[in-house]
Amino acid sequence: FVSVQEGCDKFCTFCVVPYTRGAEISRNVDDIVAEVRDLAAKGVREITLLGQNVNAFHGAAPRLEGGDDWNLGRLVRHLAKIGGIERIRYTTSHPRDMDADLIAAHGDTSAMMPFLHLPVQSGSDRVLKAMNRGHSAAEYRDIIAAVREACPGIAIASDFIVGFPGESDADFEATMQLVRDIGYAIAYSFKYSQRPGTPAAGMALQVPEDVKDARLQALQLL
């Protein structure tokens with residue numbers, strides 16, 4: 001496990017990370033490469049690049065070709081050339097940072113594992129807006145389609161929150177339909193819980209616990 005990025009600038013209304021971890025910062029590429037070379041020399045064959053928003057990575061590379069501002073796709077391609085490194089993963093990513101170069105890397109870099117964990121949280125545009133996710137359900141579907149075009153057969157994982165404040169039966173059904181449409185390999189699903197100091201904690205129309213329970217069971221069954 002190699003940390004490459006910390007912090008979050010997204011400010012989803014349910015989340016404490018921007019307040020506890022601060023703004024997005026990326027590690028120096030040279031330091032990352034040195035760490036991975038050292039791991040490979042010790043026999044490590046698989047690395048997982050870590051960050052609160054790992055695909056927001058933009059690191060300087062003062063001693064490597066290209067100098068400033070490498071994105072995650074470029075970093076992955078470079079790490080894949082290190083002798084002994086056979087498998088590369090990254091987590092956790094955000095839909096707003098799935099750029100075309102990173103998507104292409106899933107298809108043109110053999111060491112990249114055919115797996116993507118891309119949290120969506122809800123399939124309802126109304127709820128996504130209330131969550132301040134910065135993308136629509138249709139935009140998320142388009143990203144998954146592009147990733148699958150680059151890497152057919154890739155396994156997709158996601159995170160879901162049920163019972164977000166104001167979530168209606170129709171909103172929840174939109175999430176269920178998204179799950180049907182995407183066909184996930186793995187899902188991490190949770191009942192919404194209030195985090196002190198976050199905007200969502202003070203929102204009206206908090207969903208009753210029994211409704212959250214029923215929706216979570218239905219989602220997990222699907």
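Analyst: The expected span of a helix is 1.5 Å times one less than its number of residues. The model discussed here is a predicted one, and the part to begin with is helix α6, which runs over residues 137-150. Because α6 has 14 residues, it should span 20 Å at 1.5 Å a residue, and the distance between its end C-alpha atoms is 20 Å, in agreement with that expectation.

Within α6, the residues A137, Y140, I143, I144 and V147 are buried. These residues cover an arc of only 120° around the axis, and so they lie on the same side of α6. D142 and E149, by contrast, are exposed on the other side of the helix. As for what covers the buried residues of α6, the covering elements include the helices α4 (100-108), α5 (125-131) and α7 (169-182), together with the strands β8 (115-117) and β9 (155-162).

One of these covering elements, β9, also takes part in the largest pocket, where α1 (17-21), β9 and β10 (186-191) each supply at least two residues of the lining. This pocket has a volume of about 640 Å³, and 26 residues line it, with F14, C15, V17, Q121 and D159 lying nearest its centre. The element that gives the most to this lining is β10, with three residues. By class, the lining of the largest pocket is made up of 13 nonpolar, eight polar and five charged residues.

The strand β10 returns in the second largest pocket, where the largest share of the lining, three residues, comes from it. The volume of this second pocket is about 180 Å³, and its lining consists of V179, G183, Y184, A185, I186, A187, S189, L219, Q220 and L222. Two or more of these residues come from each of β10 and α8 (209-221). In this lining, seven residues are nonpolar and three are polar, while no charged residue is present.

N53 itself is found in the loop between β4 (46-50) and β5 (58-61). Since buried means under 20% relative accessible area, N53 counts as buried because its relative accessible area is 4%.

Leaving aside neighbours within four places in sequence, V44 is in contact with L39, G84 and I85. For the pair V44 and I85, the separation in sequence is 41 residues, whereas their C-alpha atoms are 7.0 Å apart in space.

Two further loop residues deserve a careful look for their backbone angles. F11, in the loop between β2 (5-6) and α1, has a phi near 55°, which is a positive value in a residue other than glycine. With 39% relative accessibility, F11 counts as partly exposed. L205, in the loop between β10 and α8, likewise has a positive phi although it is not glycine, with a value near 65°. The relative accessible area of L205 is 67%, so this residue is exposed.

Conventions: Residues numbered from 1 in each chain as written. Predicted model: local features only at pLDDT ≥ 70, side-chain atom pairs only at ≥ 80, totals over all residues. Heavy atoms only, no water. Helix = DSSP H or I, 4+ residues; strand = E, 2+ residues; numbered from the N terminus. Contact = heavy atoms within 4.5 Å. Buried < 20%, exposed > 50% of the residue type's maximum accessible area, 1.4 Å probe, protein only. Arc of directions from axis to C-beta. 1 Å grid on protein atoms, 1.4 Å probe; cavity = no way out; pocket = protein on both sides within 12 Å on 5 of 7 lines; lining within 4 Å. Points joined across faces, edges and corners; volume = space filled by probe spheres on them. Nonpolar A, V, L, I, M, F, W, Y, C, P; charged D, E, K, R; others polar.
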